[in-house]
Amino acid sequence: MAQPFLKKDDDRDDEEYSPFLGIEKGAVLQDARVFNDPQLDARRCSQVITKLLYLLNQGETFTKIEATEVFFSVTKLFQSKDIGLRRMVYLMIKELSPCADEVIIVTSSLMKDMNSRTDMYRANAIRVLCRITDGTLLTQIERYLKQAIVDKNPVVASAALVSGIHLLQTNPEIVKRWSNEVQEAVQSRAALVQFHALALLHQIRQNDRLAVSKLVTSLTKGTVRSPLAQCLLIRYTSQVIRESGVNTQSGDRPFYDYLEGCLRHKAEMVIFEAARAITELSGVTTRELTPAITVLQLFLSSSKPVLRFAAVRTLNKVAMSHPMAVTNCNIDMESLISDQNRSIATLAITTLLKTGNESSVDRLMKQITNFMSDIADEFKIVVVEAIRSLCLKFPLKYRSLMNFLSNILREEGGFEYKKAIVDSIVILIRDIPDAKESGLLHLCEFIEDCEFTYLSTQILHFLGNEGPKTSDPSKYIRYIYNRVILENATVRASAVSTLAKFGAMIDSLKPRIFILLRRCLFDNDDEVRDRATLYLNTLGGDGSVVETDKDVKEFLFGSLDIPLTNMETSLKNYIQNPSEEPFEINSVPREVKSQPLAEKKAPGKKPTGLGTPLTGPTPVGDTYERLLSSIPEFASFGKLFKSSGPVELTEAETEYAVNVIKHIFDRHVVFQYNCSNTIPEQLLENVFVIVDASEAEEFSEVGSKPLKTLPYDTPGQTFVAFEKPEGFPSVGKFSNVLRFAVKEVDPSTGEAEDDGVEDEYQLEDFEVVAADYMVKVGVSNFRNAWESMGPDFERIDEYGLGPRESLAESVNAVISLLGMQPCEGTEVVPSNSRSHSCLLSGVYIGNVKVLVRLSFGIDASKEVAMKLAVRSEDENVSDAIHVIVAGG
Amino acid sequence: MLLAVLIANSEGNILVERFNGVPAEERLHWRSFLVKLGADNLKGVKNEELLVASHKSVFIVYTVLGDVSIFVVGKDEYDELALAEAIFVITSALKDVCGKPPTERLFLDKYGKICLCLDEIVWKGLLENTDKERIKRLVRLKPPTEF
């Protein structure tokens with residue numbers, strides 16, 4: 001075996017001798033002295049530059065002194081007339097990126113080249129100058145750059161334009177002055193000049209909607225010379241479509257024909273860009289979507305992996321919003337499951353999981369099982385997340401999906417992957433009651449052999465909350481106590497807490513739990529012993545079987561209603577300033593500071609398994625409830641019923657960004673205005689919102705909480721509270737003005753001036769609507785829920801919805817009007833269907849469960865009729881739902 | 001933004017790496033990630049057959065040419081299709097400079113020329129020139145023929 005290998009190695013020595021073998025930085029820097037020779041040897045100099053480039057391209061760095069020395073030597077090479085060497089010199093200067101005080105050495109040489117009669121000197125000198133220049137030098141050479149943009153030689157023009165794109169980041173006010181020249185370059189006959197000019201012009205004018213719209217209008221009618229420019233134009237076109245709002249009166253979307261035309265372009269890049277633009281149109285109709293999906297489907301069976309990847313990636317996105325539109329591609333997609341490229345295969349699988357129907361679930365799972373064994377963890381996580389959503393969509397299929405999850409949980413895998421699986425099982429347990437017992441057992445089996453302390457402790461915590469509520473809690477005790485015997489101290493401590501929870505909830509288990517807890521008193525870890533002692537005392541460990549005190553349960557199960565960061569800070573302060581007084585937990589501030597920012601960054605983020613509290617229907621609401629109850633003015637409002645998602649009250653990229661969250665209580669509403677200040681030179685003080693409720697008659701303002709300061713880039717909140725009739729779903733419109741005192745801040749010191757100026761900022765209006773009084777709460781089996789609710793308070797009526805765009809649009813409109821949770825995937829309307837049934841579930845203000853059955857039909861003239869059947873626990877609520885629909 | 005162009009030999013040693021807008025501390029991570037990606041997938045791949053991967057919101061298109069593997073990394077507007085275009089320009093220019101799919105030795109012999117070509121193709125993360133004939137002339141400071 002060794003023989004041929006050696007031979008090959010010998011051959012390599014002969015053939016593969018590297019010109020850079022044994023290259024050393026010090027030696028090359030020595031060699032660079034040839035640049036200083038009075039008689040320059042161009043060939044030798046080029047060789048040394050190549051070596052320097054090789055070093056730099058290997059990630060080697062030069063010290064400041066080395067770089068300066070090389071730079072000064074390289075500048076001497078401008079004396080040589082050798083063209084090849086000159087080209088190398090340009091590159092070398094760019095690579096060395098000299099500092100400001102050195103640049104001056106080469107500027108005169110470069111300025112000379114910039115005005116040279118040799119075009120190519122001009123182009124390269126521009127690129128080098130723009131790379132190393134600063135603002136002051138730029139004003140000196142601006143005139144030449146403007147000329148260069150409209151130069152006849154396309155290379156010179158492109159060099160100036162691409163420089164412009166880079167310089168726009170550092171010197172926007174200068175580059176913006178070139179727009180006339182750039183505009184001229186957009187009309188250039190040279191394809192690349194047009195491409196670069198288009199990119200620069202758009203960047204210069206990106207905040208001027210009208211100008212962008214004009215640019216798009218003229219270019220979509222004219223000629224675009226390269227596929228690259230065409231792609232840019234498509235992107236800008238979709239931006240214009242997005243900003244020009246929804247369909248015009250005729251129902252046609254502006255520029256749609258242009259996008260559709262691009263689907264027949266000869267360059268694949270353009271076809272894809274157009275197809276993506278169409279699929280991302282807001283409120284895209286099936287008719288608009290079809291041609292795009294058709295071309296993407298063709299690419300699924302392309303021989304080129306890049307095209308297959310691009311197609312399946314786009315379809316994967318479409319499947320999130322329009323799963324039915326993608327179902328036609330399912331057969332092609334299934335053949336991609338075995339694609340050699342794992343990125344493609346994973347995308348295909350996750351798309352199929354989104355578009356599959358209930359009957360295809362089992363077949364799909366079989367295919368995926370084979371596939372899972374040979375992909376990396378990061379892909380597996382994507383698949384697990386897709387399976388979780390599929391299971392929530394088809395709760396009746398939980399058995400096979402849960403089995404799949406438990407099987408992969410037993411296989412090898414890293415922490416992130418295992419965490420994704422555990423999170424998924426937890427979410428399924430929470431949302432599908434039938435899946436609870438089997439899910440908990442899977443988790444119990446997993447912790448028997450789990451190498452991750454974090455996961456073990458989280459599962460034990462979850463088990464303590466959910467286990468006691470099952471039909472036979474005693475069967476979990478074995479798994480928990482095994483942890484006390486076998487695991488490390490952290491897990492043992494968790495297991496002790498879990499045991500205590502079982503003891504607190506189930507009186508019959510108490511004596512046996514006490515025996516186990518007493519054994520823990522001999523543990524060799526302090527924390528474990530402390531916990532065991534604490535629980536034995538709080539639960540009354542004298543062995544008597546008595547009902548657990550309410551306070552004890554609250555102590556065991558109640559969540560810590562103090563933000564952990566605040567707790568940490570307070571404890572640190574306590575340790576730093578020792579005192580005789582014991583630490584007082586009530587002294588810890590309860591205000592949550594960074595919450596709104598995190599929320600804004602992750603819109604629509606799903607609750608993540610173990611990390612979220614599992615009590616209320618809306619996990620975010622729990623945080624809000626704590627936040628609001630920590631404010632004395634609102635503490636008496638009682639239990640928070642619902643918090644809306646954030647409603648933006650300002651446009652993107654304005655000076656101040658404000659959104660509002662509507663918190664609904666039984667007799668009050670509180671508006672939480674999340675404000676952020678995007679101007680570094682300003683500090684806002686005493687920030688509050690003046691709310692005009694003249695179009696909301698049933699609301700009267702009862703209090704507000706201004707925000708003391710709003711520094712740059714640190715969001716804060718101000719609140720306004722209104723009273724309304726108790727339990728009544730009052731609606732109305734509110735107009736808002738932001739008031740504040742503004743102080744100038746010195747950016748260098750960060751200090752604000754003493755005197756502020758009063759100012760105000762107009763915000764958009766928003767409404768409180770009927771849907772704000774409805775909490776989305778799903779049911780796993782709608783038919784069972786419907787039957788058990790019974791027909792006592794059933795109300796049925798029929799409505800004509802008039803001519804509508806499509807059936808899907810009507811269904812979505814009614815769902816958002818009612819603000820209820822669609823069940824069993826019925827919110828998705830198959831394309832071309834003439835009728836559709838939709839099932840909704842929710843909890844109405846006053847904690848009244850409501851179920852709704854909607855039946856839609858559409859005729860040839862697009863007239864939509866709807867039958868609405870409501871069942872609830874209260875006849876007034878059933879009537880109220882009809883009032884909402886009739887009024888909407 | 002075209003975040004990186006990386007060329008390695010068949011053993012995964014770096015021959016050229018050019019990053020744009022990638023913080024210095026992340027470069028090492030990218031280098032080892034790409035080299036591993038190549039080692040896992042490029043075995044037996046034909047010259048210039050493009051492979052594609054995505055890592056978070058970043059795209060990677062890579063291929064083999066003779067003894068060297070070429071990787072381009074991009075995000076936003078430089079998606080898999082734009083990167084395919086960029087890597088096509090790079091492979092054509094390399095073949096042009098070397099006269100054939102290069103051995104490692106040939107690649108290193110032509111190293112200076114190759115650096116110049118890459119400089120013409122990608123400039124600070126933007127695609128600048130796409131035509132190999134033009135690039136061939138530009139590295140010799142000759143104006144393009146169509147002019």
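1. A disulfide is taken here as a pair of cysteine sulfur atoms within 2.5 Å. By that criterion there are zero disulfides over all chains. A:Cys823 is in no disulfide, the nearest cysteine sulfur being that of A:Cys838 at 8.3 Å. In chain B, the sulfur of B:Cys117 lies 8.9 Å from the closest cysteine sulfur, that of B:Cys98, which is too far for a bond. A:Cys823 is buried at 2% relative accessible area, and B:Cys117 is buried at 5%; buried means under 20% relative accessible area, exposed over 50%, and partly exposed in between (1.4 Å probe, protein chains only).

2. The model is predicted, so local features need pLDDT of at least 70 and side-chain atom pairs count only at pLDDT 80 or more, whereas totals for chains, interfaces and linings use all residues. Residues are numbered from 1 along each chain as its sequence is written, chains are lettered from A and ligands numbered from 1 in the order in which they are written, and side-chain values use heavy atoms, with hydrogens and water left out.

3. The count of salt bridges over all chains is 54, a salt bridge being a side-chain nitrogen of Lys or Arg within 4 Å of a carboxyl oxygen of Asp or Glu. One of them pairs B:Asp119 with A:Lys94, with 3.0 Å between the closest N and O atoms. This pair joins two chains, because B:Asp119 belongs to helix α4 (residues 111-121) of chain B and A:Lys94 to helix α5 (residues 83-96) of chain A. Helices (H or I, at least four residues) and strands (E, at least two) are DSSP runs, numbered from the N terminus. Both B:Asp119 and A:Lys94 are buried.

4. A salt bridge also links B:Glu120 to A:Arg127, at 3.5 Å from N to O. Since B:Glu120 lies in helix α4 of chain B and A:Arg127 in helix α7 (residues 119-132) of chain A, this pair too joins two chains. B:Glu120 and A:Arg127 are both buried. Through shared partners, salt bridges connect A:Arg87, A:Lys94, A:Arg127, B:Asp119, B:Glu120 and B:Glu128 into one network. A:Arg127 also lies over the face of B:Trp123, 5.6 Å from the ring centre; for such a contact, NZ of Lys or CZ of Arg must be within 6 Å of the ring centre and within 35 degrees of the ring normal.

5. Within chain A, the side chains of A:Glu273 and A:Arg235 form a salt bridge of 3.1 Å, N to O. A:Glu273 is in helix α16 (residues 268-279) and A:Arg235 in helix α14 (residues 227-243), so the pair ties together parts 38 residues apart in sequence. A:Glu273 is buried at 11% relative accessible area, while A:Arg235 is partly exposed at 26%.

6. The aromatic pairs over all chains come to 27. Rings of Phe, Tyr and Trp (its six-membered ring) pair if their centres lie within 6.5 Å; planes under 30 degrees apart count as stacked, over 60 as edge-to-face and the rest as tilted. A:Phe634 and A:Phe719 are edge-to-face, with 5.8 Å between centres and 65 degrees between planes. A:Phe634 sits in the loop between α35 (619-629) and β1 (642-643) of chain A, and A:Phe719 in strand β8 (residues 716-723), 85 residues apart. A:Phe634 is buried at 3% relative accessible area, and A:Phe719 is buried at 2%.
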